[in-house]
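Open the model in your viewer and keep the selection tool ready. We will go stop by stop.

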Amino acid sequence: MNTTPIRPVAAADIESWDFEADVVIAGYGIAGVSAAIEAADAGAEVLVLERTGGWGGAAALAGGFVYLGGGTAVQKSCGFTDSVEEMKNFLRAALGPGVDEAKLTDYCEGSVAHFDWLVECGVPFKHTFWGEPGWKPPADDGLQYTGGENSAPFNTLAVPAPRGHVPQMDNKKSGEKGGGYMLMKPLSEKAESLGVRAEYDMRVQTLVTDADGRVVGLVAKQYGKEVTVRARRGVVLATGSFAYNDAMIEAYVPRLIGRPAASIEEHDGASIRMAQALGADLAHMDASEVAFFCDPQLFVRGILVNGRGQRYVPEDTYPGRVGQLTLLQNDNQAFLVIDEAAYEEGMAAPTATEQLRRTPTWVCETVEELEAEMGLPEGALTATVAMYNRHAANGADPLLGKKSEWVKPIGSPVAAIDLRGMTGGFTLGGLKTSVDSEVLHVTGEPIPGLFAAGRCTSGLSAWGYCSGISLGDGSFFGRRAGKAAAAEG
Ligand SMILES: Cc1cc2nc3c(=O)[nH]c(=O)nc-3n(C[C@H](O)[C@H](O)[C@H](O)COP(=O)(O)OP(=O)(O)OC[C@H]3O[C@@H](n4cnc5c(N)ncnc54)[C@H](O)[C@@H]3O)c2cc1C
């Protein structure tokens, strides 16, 4: 049972305020810092309350992709043509079903300006493109396909363009200091230069409302002591996802039980719970990003089959889509079937994720022997490989549409790599918000004085995901939250 007090407190019951500002923001990650900059830019006095000892959140640990398009300077320098319409068409298909059309339109239309804003805030992007299969560029290239734009089925639905923009950084360390650090550092410096104050080791727990139901402050714990914080204009919730709230995971995304990834322990759903206690509506609580723990340079060169020995995904797509389809639609069962020549080529190819390269579990001379070793019913894998090879001889994959450059008949010796259970992820659902990041009540009306952004909200992703959407919608709608909160009162 959650023992943290989340019921709203009446302002009339608060004797004195320990802290006060026009706009008070809970959480100093990507959504929080973006809100802080815009609120301060609009002339508001801003205070950020952060549970840990410093700014950053999951954002500072992130690979750093920000999903942007429609013709950014980086896209243009790298020779790619893009438009708002193509970006919308792709995202509607890739992030759905159920994408919030108003948010999608706003995001795509504002994408180039948002890129320019990040650059103005000091975020560096190198104007070079990384075109190899992979989770991220091994060096400091600034642009990559991060959603399967150029693979089936999306390459038939929208003109492909790469939109994963990653801040330039030397000496990246996966999960420690990635491109996300070079996003957060300049943004937090910008916030500081605008006079934004921060209180650390401050765990926000409860919202404070006045007699009219307006949110006018927060109760938090700092060094074990309860403190009250008054927000003269508005409160912005930006404390991240619920990936580490076991009860919520069980209730909403049971496939993710025991497998949180690309998130931090502080993502315990606090903002969602606090706002729910005021009647806030939720959206897409079952949506989740799912990472697949294998190097794309390997699996693009073979075939991925499920527990029945059948293919289920074009292997040249975005690895996060492979993860989603594996965990959510194939019982977390995956095997990579690959011949020796393709395996050796994949192992020699450049990658940013050496740690995800795996050694074969079974190696045989024939597919018949392999399926027996794997414990698959006789004929299951043999039929899959025979069908694949028949069309691969012509460089085609009529079943799933893998691009011809990656389609080669599987020869001998042949191996299978056991990838069952190799997934993990974070949650994408949360508070239902307007395009101005107002938190919406179950009646559909905004809750006065309350705004939210980042992974405590339902943003652009309704079911699907692309790398960069989280830092993208977190920063974009974080800015909206800061602006809207500053405009109150
Ligand atoms: C290794 C890794 C790689 C990733 N790569 C990418 C990528 O390339 N692109 C992408 O888009 N996304 C990526 N992500 C995901 C992305 O970083 C997060 O989804 C994103 O940062 C969420 O933004 P946010 O502002 O909601 O949360 P955060 O950035 O995590 O900020 C939330 C902040 O709130 C604080 N907080 C929590 N609870 C409280 C409380 N009660 N009171 C006060 N403060 C609180 C937290 O400590 C944290 O600082 C990655 C994540 C990881 C860990």
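Where is Pro 97 found? Select it and look to either side: Pro 97 sits in the loop between helix H4 (84-95) and helix H5 (101-109). Keep in mind that this is a predicted model.

**Stop 1: two cis bonds**

The peptide bond that joins Gly 96 and Pro 97 is cis, with omega at about 5°. Now select Ser 412 and Pro 413. A cis peptide bond joins this pair too, and here omega is about -5°. Pro 413 has its place in the loop between H14 and strand S16 (414-418). Why stop for these bonds? Most peptide bonds are trans.

**Stop 2: a positive phi**

Select Tyr 223. Tyr 223 is not a glycine, yet its phi is positive, about 50°. Most residues other than glycine have a negative phi. Where does Tyr 223 lie? Look in the loop between strand S9 (215-222) and strand S10 (225-237).

**Stop 3: the ligand**

Next, pick out oxygen atoms of the ligand and check distances to polar backbone atoms.

- Ile 30: a ligand oxygen is 3.3 Å from a polar backbone atom here.
- Gly 57: the distance from a ligand oxygen to a polar backbone atom is 3.4 Å.
- Ala 59: here a polar backbone atom is 3.2 Å from a ligand oxygen.

The ligand taken alone exposes 1,000 Å², and the protein buries 93% of that.

**Stop 4**

The crossing of H1 past H7 is left-handed.

Last, select helix H13 (residues 367-374) and helix H14 (residues 380-392). Their axes come within 8 Å and cross at roughly 140°. That makes H13 oblique to H14. Is this crossing left-handed or right-handed? H13 passes H14 in a right-handed crossing.

Notes:
Residues numbered from 1 in each chain as written. Predicted model: local features only at pLDDT ≥ 70, side-chain atom pairs only at ≥ 80, totals over all residues. Heavy atoms only, no water. Polar contact = N/O pair within 3.5 Å; in protein donor to acceptor, adjacent residues only side chain to side chain. Areas by Shrake-Rupley, 256 points an atom, 1.4 Å probe, with all protein chains shown as cover. Left-handed = near helix turned anticlockwise from the far one by under 90°. Helix = DSSP H or I, 4+ residues; strand = E, 2+ residues; numbered from the N terminus. Axes fitted to C-alpha atoms, helices over the stretch in contact; angles between N-to-C directions. Parallel < 35°, antiparallel > 145°, perpendicular 65-115°, else oblique.
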